[in-house]
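User: I would like to learn how to read helices, strands and turns from a structure. Please take the features in turn, with the general idea and then the case at hand.

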Amino acid sequence: MAEAENQDQPPRSSVSPSQLAERDQKNAVITSKMNDEQEGCMRSDTETAPSTDVQVFSIPQIPIQTTHLNLTIEKQISEKTFLDGVLKGFKFLREDDSMCDVTLVVQGMKFKCHKVILATFSDYFRTLFTIEMKEARQEEIQLASFRSETIRKMIMYIYRGYDEFTASNARELLEAAIFFRVDSLRYMCETALSSVLDVQNVIAIWRTAKRFPECNALRQTCEEYLLLYFDRLKEDDIRCLDKEELVFLISNPNLLVSSEDKVYQAAKIWFEDDGDLRKQYLADVFQHIRQPFISKELYSDFMNNFRFFDAPAIKPFIEEALRYQSLPNCRMDEVSTRTTLRQHYNMEKALLLIGFNQRFTCCNPCMWAWRFDCKRWYTLRSAPFKLGHGYATCRFGQSEIYFSGGQGRRIFQKFDGLTDKIVSCTKIKTARMSHCMVCVRDSIYIIGGNGFQFDKEDTIPTEDKLESVEAWRPSENTWRHCGSIMVPVSGATACNSGRLILLYGGFRDEQNKEPSNLAQFFDTETNTGGHLSTYLPFSHQNLQSVNIGDVVYILTKNHIFESKDELEYINVRSLREKHKYADTFKPPTMTKDLTSLYIIQESCYGTIPFPIDRSWELQRYNTGTRALETVSDKIQFMRSEGSMHTLVVSKSILLEKGIITTGSQGFLTQR
């Protein structure tokens with residue numbers, strides 16, 4: 001009967017009477033505070049609330065939160081007390097040899113242990129002791145793969161729960177933890193090794209982590225460290241890399257280097273260490289070195305002092321680099337990884353838009369930049385010189401834009417996107433406007449346009465159509481007359497196709513009222529001009545043209561035409577639906593980027609084109625799929641037609657500029 005009564009009763013608490021009394025006292029205090037706050041809230045409501053039949057209740061919340069907090073603290077204290085007790089018990093068992101039932105023998109040293117504890121922490125020992133193997137019945141187990149000190153530290157960790165980890169012992173202890181499958185020890189070793197990484201030990205730790213799939217987190221940490229501090233590796237560290245390790249680092253898009261010189265110098269050191277054996281890897285390594293971005297001084301050293309410079313395996317990469325250096329107009333058209341900027345360079349490719357923030361007036365041109373990565377417009381700067389209507393621009397190389405002419409001026413200025421500076425260059429020979437400017441190989445050509453002859457009596461310029469072509473080369477810094485086009489025109493568009501400059505449209509009449517359908521060329525090698533075999537099937541003003549490979553794209557006010565081999569012109573895309581007031585819109589402008597066209601055009605979001613409703617939108621045309629998408633719209637930063645180029649600019653300079661948001665004006669104050 002007594003046993004039955006005891007079964008019906010709840011189990012007795014193991015808490016002592018003094019602890020129960022202390023807990024009851026705490027609960028009494030908490031209950032008293034709850035009652036006091038509730039009475040205070042109700043008293044306050046009774047005194048301040050107006051007389052009404054509605055009874056106001058106040059629900060106290062703070063005591064409930066406090067109770068929850070107290071319970072959480074008590075739980076944490078209880079868990080810590082329990083863990084301390086477990087560790088204390090394990091320590092007692094470790095020191096009491098009488099209860100040990102297995103001995104680990106390593107290098108002649110014996111470590112007495114308990115099978116149940118080893119099996120609890122180690123999957124290796126659990127399998128060993130539970131499967132019918134002879135070791136399960138032996139009192140001594142031989143471990144020959146590790147040093148005795150390593151096994152001693154692992155046993156100390158199992159029994160004590162902690163140990164002192166250093167870079168010297170954690171690597172070997174990590175291997176033991178993986179072999180015996182002690183996951184908690186493996187995690188501790190990985191954490192310890194990650195915290196002591198430096199350029200002296202990172203390669204050794206990286207190689208250890210790569211050996212074991214379980215150490216994926218440590219491997220990634222080592223790789224991030226190597227990519228971040230590649231510049232700081234010593235020559236001996238670079239020499240000891242194997243081919244796969246070196247290729248992994250220099251081909252990784254996250255490699256952080258101050259310049260490509262560092263990558264080339266590392267490759268040179270690596271090949272010089274054991275050139276006869278490593279010569280077979282020349283193509284594997286050099287296909288990831290971006291030779292076009294190596295400084296001229298170091299590239300000269302490469303050509304003169306690198307022992308394998310004449311090796312056929314790297315000849316294609318050298319030819320690519322030399323072509324890149326000698327043909328500035330082709331630099332942005334190269335599509336290989338070796339001509340692509342690394343992610344962590346202090347420069348990036350952007351769209352540069354040039355225009356005026358005033359209508360119909362002669363003023364300083366303004367420049368805005370569109371960043372591809374974050375899809376934002378930045379107000380870049382205004383030029384410190386005035387340009388009139390009809391000026392021309394072209395890109396030279398990757399980071400330079402040149403301005404010329406405009407309303408009878410002989411201006412020739414250079415803007416550098418890497419320094420954000422504008423400098424004056426040698427003035428053009430003939431003042432002209434509405435002309436074309438194109439970069440071919442290492443020279444800039446100015447073609448046609450309206451010339452000016454000033455009458456001293458009237459001081460009114462009289463315009464004449466020009467057929468002359470002038471050329472300028474940076475190395476010479478002088479302009480020279482180099483030939484003539486077949487038909488003098490102004491307001492034409494031009495692009496290059498190899499050695500030819502292709503001219504489309506333009507005005508032949510003095511009043512500039514009748515656009516023509518002319519299609520001409522100028523040969524920069526023979527300095528002669530001529531007609532293309534097929535004329536344009538349309539006559540429009542303000543045409544834009546670019547070439548991508550052997551295909552020429554011509555932009556009218558509302559259509560994109562495509563021409564291959566100058567034989568026919570195909571209307572491949574309309575820009576937008578016909579707007580009632582489309583004739584009042586400023587003409588669009590266009591530039592290219594590898595496989596895409598970027599077009600910026602004026603648009604109106606109202607039924608009547610008030611100036612306040614006008615803005616600009618940037619569209620991207622994919623030349624492969626012929627799809628057209630809007631990438632930016634409702635930007636009101638330009639009040640005149642403009643020109644646009646893809647350009648390499650400095651990241652740090654862009655970050656100092658102001659961001660233009662949708663609907664903002666983005667106008668610049670004149671300097």
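User: Which residue just after helix 7 takes a positive phi?

Analyst: This is a predicted model. The residue is Gly 161, where phi is about 85°.

User: How many residues of helix 7 are buried?

Analyst: Buried here means under 20% relative accessible area. By that cut-off, 10 of the 13 residues of helix 7 are buried, so the helix is largely enclosed by the rest of the structure. Among them are Lys 153, Met 154, Tyr 157 and Tyr 159.

User: Which residues are buried in helix 18?

Analyst: They are Phe 317, Ile 318, Glu 320, Ala 321 and Tyr 324. These residues are on the same side of helix 18, because they cover an arc of only 160° around the axis. The helix itself runs over residues 315–326 and reaches 16 Å, close to the 16 Å expected for its 12 residues.

User: What do the buried residues of helix 18 pack against?

Analyst: Their packing partners are helix 16 (282–286) and helix 17 (296–305).

User: How many bridges join strand 23 to strand 24?

Analyst: There are 5 bridges between strand 23 (residues 551–555) and strand 24 (residues 559–564), which run antiparallel. In this pairing, Tyr 553 stands opposite Glu 562 of strand 24. As a general point, side chains in a regular strand alternate between the two faces of the sheet.

User: What do strand 18 and strand 19 form?

Analyst: They form a hairpin with 2 residues between the strands. Gly 498 lies in the turn and has a positive phi of about 70°. The pairing of strand 18 with strand 19 (residues 500–504) is antiparallel, over 5 bridges, and Thr 493 stands opposite Tyr 504 in strand 19.

User: Why is strand 18 described as largely enclosed?

Analyst: Strand 18 (residues 493–497) has 4 of its 5 residues buried, so the rest of the structure largely encloses it.

Terms used. Residues numbered from 1 in each chain as written. Predicted model: local features only at pLDDT ≥ 70, side-chain atom pairs only at ≥ 80, totals over all residues. Heavy atoms only, no water. Expected span 1.5 Å × (residues − 1). Buried < 20%, exposed > 50% of the residue type's maximum accessible area, 1.4 Å probe, protein only. Arc of directions from axis to C-beta. Contact = heavy atoms within 4.5 Å. Pairing = 2+ DSSP bridges.
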